[in-house]
Amino acid sequence: MSWATSSPGMQAGRTPVNGHDPEEDSPQYPRPQSQRKRVVVVGLGMVGIAFIEKLMKMDAKRREYDIVVVGEEPHLAYNRVGLTSFFQHRQVENLYLNKREWYDGMPEGSLNYHLNTLVTEIHPSQKVVSTSTGETVPYDILVLATGSDALVPRHTPGHDAKGVFVYRTIDDLQKLISYSEGIAGATGAVVGGGLLGLEAAKAMMDLESFGQVKLIERNRWVLSRQLDGDAGGMVVDLVRKLGLDVMLSKRVGKIEVDDDNAVKAVVFEDGERMDCKCLMFAIGIKARDELARKAGIKCADRGGGIVVGPDLMTSTEGVYAIGECASWESQTFGLIAPGIEMADVLSFNLTQAKVHTERKFKRPDLSTKLKLLGVEVASFGDFFADRDGPKDLPTKRHGAAKKVANGVVEKEEQVKSITNGPPPPPVKALTYKDPFQAVYKKYLFTVDGKYLLGGMMIGDTKDYVKLVPMVKNQKALEVPPSQFILGASKEGEDDAGDLTDDTQICSCHNVTKGDVANVVKDGSCKSIGDVKACTKAGTGCGGCMPLVQTIFNKEMKALGAEVLNHLCPHFKYSRADLYHIIFVKRLKTFTEVMKECGKDADALGCEACKPTIGSILSSLYNQHIMDKPLHGLQETNDRYLANIQRNGTFSVIPRVAAGEITPEKLIIIGTVAKKYGLYCKITGGQRIDMFGAKKQDLVDIWTELVNGGMESGHAYAKSLRTVKSCVGTTWCRFGIGDSVGMAVRLEERYKSIRAPHKIKGGVSGCVRECAEAQNKDFGLIATEKGFNVFVGGNGGAKPRHSELLAKDVPPDDVVPILDRYLMFYIRSADKLQRTARWIEQLPGGIQYLREVVLEDKLGICAELESQMEQLIGTFFCEWTEVIKDPSKRAVFAQFANTPAAVDSMDRVSERGQQRPTYWAKDSAKVDFRGTQWSSLSWQPLVEASRLPDNPTGSSATVKRGDTQLAIFKLKGAYYATQQMCPHKRAFVLSDGLIGDDVASGRLWVSCPYHKRNYTLNGEEAGKCGNDAEVNIATFPVEERDDGWVYVKLPPVEELDAVLGTERWKARND
């Protein structure tokens, strides 16, 4: 979808308060009236008003310009293309492109218009124009959009007789109507069988004043500038059937007049005479350049027109020309589309070129699609490439280079050219002609059929909108040319890309699609949790879960079972449902959400709903996730504001917006990494990752980074990660857009905002796409007109190429579009659903998203923008706040009862850096739960104050001897277990989320690595609910009056022999 079609309520430049645009925070924007430049537009036609609309839209934020437009006609800008309809309603207001209220409703001083006023002279040295009313209008920038006049053959005798008309303005039509009333029943004729001639002929027929209407064309067929002989001949046959008498190969020699100088007949050059009382010329146009010529502005000698360069500036500084009056490369254009393109280029350069490469006007697309006298006609691309040779072949399609010696083509080539004539154009035509249905199609391809160059259509033009972009984009075709006419052949049913049963979907546990499908089909698994327990799918890295869920849903539907999208057993709502309930009711804590929406108001929740609700609350209110009401909802990564690694250490990733970093910050990163022994790696998102940070060192590490001017990169969060960029116009010789500046602006804007899943962005400065923007959740690719905005791409387990959301978006309009898109995603996506899967599941996919985001189909765009703006305004660096808050700093101690530190894995030296050794191949399958201890005694291990009574529970890690233990407090009750999860021998259970089943009373802790769920209470205490091969030891625990928590434990030596860290830590051997 081209951004030129605009969007309700959208204004260029509605950019963020802190979006990193250096102009944004400046007090000079919007400019006060005294500092604005005045743009004077001469001509209020279709091109003039298009320029005004585009300039005002793109200047809405900065307000750098005030506009004055001077129109020669007494009417506001009207639709000249639709002039024919005037004969039906006779109301000029019906043709207005904008009602008078639109002009009057503009901000004060921004647009002033003068009608029925002719500009008579330009004074470039004084920068003023004079008008027919005696006024002078000063300008800073002058835009000439004076259009053209209809040609009248002044060499033809009788050309100035009464009854001779042209078809150009409302005034021309009103004169024709008035004159025709006095010659009712006479013959009327139109000279010229082009687009305008056929329109004029229809206008005469619609008047119903003439007894007969004739069309006079000097060529052998009509529309000779758009169609070949076959197509033009078919149009002739069709319009003749509609009552128009078409006379071909005829040239007007003279016009006979009566004694009153009124038309009475036409005499052709071949001597034939035809009675006629009214004659309308539609034989072409002449650019109106007399105003420029008089001012000494350079004009074309041949064909006329005001000479302009690629930037549309004339020979005089500050004076531009657009539309039919402009001569570009010795050409003027009589179609509206090139004029609109000129208006687009000029308005862009005046407003957006400060942050983007200036646009240049290039060879325009002369494709046309019209309905003439009821006949559908279209031509597109290089539609005469087979006759005249292709104007421009796709890259690398020019064939082998000619042999050249000393700068001269070899004699052999010269002789061949003389004897055989010039070679045929490197074009092949595919033609379809149906005389019964009056359908004609001719498509032109390169000789190998790989590229579509252009074509023409009569009767059936429905494919026009698909074919025009194919020609413009010059992309190799993916189907044979025959399919453009015959359609795709069908060879059996398409399985829609369904995976085969032996396709591996979970690489962690080598689970196939068939494994998942079969346990659902045989009835052994009736929930996604059952599937995870039975097959182990999704219990590793978790990256396969969206695919597992899809397979589960499909198989359940096939069995006729209802597939519920409930968040988890605690809620009968989806993530999107809960978001809207929390948003509408302004719920701010997990307790409030559970009471309002949960199946049981007193439930603790689980590892599925807690992080999801925590994310929703952050998406709405952006409070610090380490605040007590929220901290117990977070997964381990968010809990400690860092990504946990396999040895229990964490990674540290400062934000490096767009990959742009100063030497000073590089030195800070290097100094910190060296001091704390961190392994360094450049990430795919263009920043530096430091691995191996101990939990107890995180605060000190981040203190040094923050003091050095750095902030959290949120690599641990389900939020914006990075916006990758190429160097764009900053350095690259091919760059046409400031990709670095835009990427910095976007990353600074959306940093820290929580979403259903991680978000990645990219900005490329040209179509070479070095930033890989088309596989990101949102990506921009610079074009001459701004940026193409792509959405819904991702890499990962199921890669997806992004889709085009909006085309040629001005730089200032990128932010409002992305605000809407991201906020709509945050509101409506399912839990842990990337934008790719979300768009796939939207009703109507990308088209529906366009309707919502660009066209405001749901009427929520203003609300989406406002909500995003509120979130942007609440930004803070989470690590900076931790450093300032002693209570938050305390969370990062490894143990709650001792300052001692313990490593849980050996390290290996590799390529000059230290990394943890690999996990043990096998789980610890010891029956820890069934261990028979020689004796147990109560031991005070930690102060009760270290375990606050939070609604979501609290936990602490303690050390006794060489053994690490986890203590949990839930609703006033305590539970104690070993700290090691046997699955990967990872010492992490105290960081796991607590879940409960209200019906059975069961409580469990979920390992933060691979979601092994261990029961905490009752007879099943210590059992793993989703992996029967592993279990854990549990111990009695209680709080006593002395303020300490006591755990009943065996002797230290006996405890260490079973659970000691040294026994179970992963070793190099």
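This is a predicted model: local features need pLDDT of at least 70, side-chain atom pairs count only at pLDDT 80 or more; totals for chains, interfaces and linings use all residues.
Trainee: What makes Cys 766 count as buried or exposed?

Mentor: The relative accessible area of Cys 766 is 9%, and buried means under 20%, exposed over 50% and partly exposed in between, with a 1.4 Å probe and protein chains only, so Cys 766 is buried. Cys 1024, at 12% relative accessibility, is buried too.

Trainee: How do you know that Arg 273 and Asp 275 form a salt bridge?

Mentor: Their closest N and O atoms are 2.7 Å apart, and a salt bridge requires a side-chain nitrogen of Lys or Arg within 4 Å of a carboxyl oxygen of Asp or Glu, so the pair qualifies. Arg 273 is partly exposed, at 43% relative accessibility. The structure holds 63 salt bridges.

Trainee: Why is the contact between Lys 1065 and Glu 1062 called a salt bridge?

Mentor: The closest N and O atoms of Lys 1065 and Glu 1062 are 3.8 Å apart, which lies within the cut-off for a salt bridge. Lys 1065 is buried at 12%, while Glu 1062 is partly exposed at 40%. Elsewhere, salt bridges that share partners join Lys 54, Glu 341, Asp 344, Arg 359 and Lys 785 into one network.

Trainee: What makes strand β11 largely enclosed by the rest of the structure?

Mentor: Four of the five residues of β11 (residues 212-216) are buried, so the rest of the structure largely encloses this strand. Strands are DSSP runs of E with at least two residues, and helices are runs of H or I with at least four, numbered from the N terminus.

Trainee: How do you know that β11 pairs with strands β10 and β12?

Mentor: Two strands pair if DSSP finds at least two bridges between them; five bridges join β10 (residues 187-191) to β11, and three join β11 to β12 (residues 245-247), so both pairs meet the criterion.

Trainee: Why is the unit of β11, helix α6 and β12 called right-handed?

Mentor: A crossover is right-handed if, with the strands pointing away from the viewer, the path from the first strand over the helix to the second runs clockwise, and the β-α-β unit of β11, α6 (residues 229-241) and β12 is assigned that hand.

Trainee: What makes the span of α6 close to the expected one?

Mentor: The expected span is 1.5 Å times one less than the number of residues; α6 has 13 residues and reaches 18 Å from its first C-alpha to its last, close to the 18 Å expected. After α6 comes Gly 243, whose phi is positive, near 105°.

Definitions and conventions: Residues are numbered from 1 along each chain as its sequence is written. Side-chain values use heavy atoms; hydrogens and water are left out.
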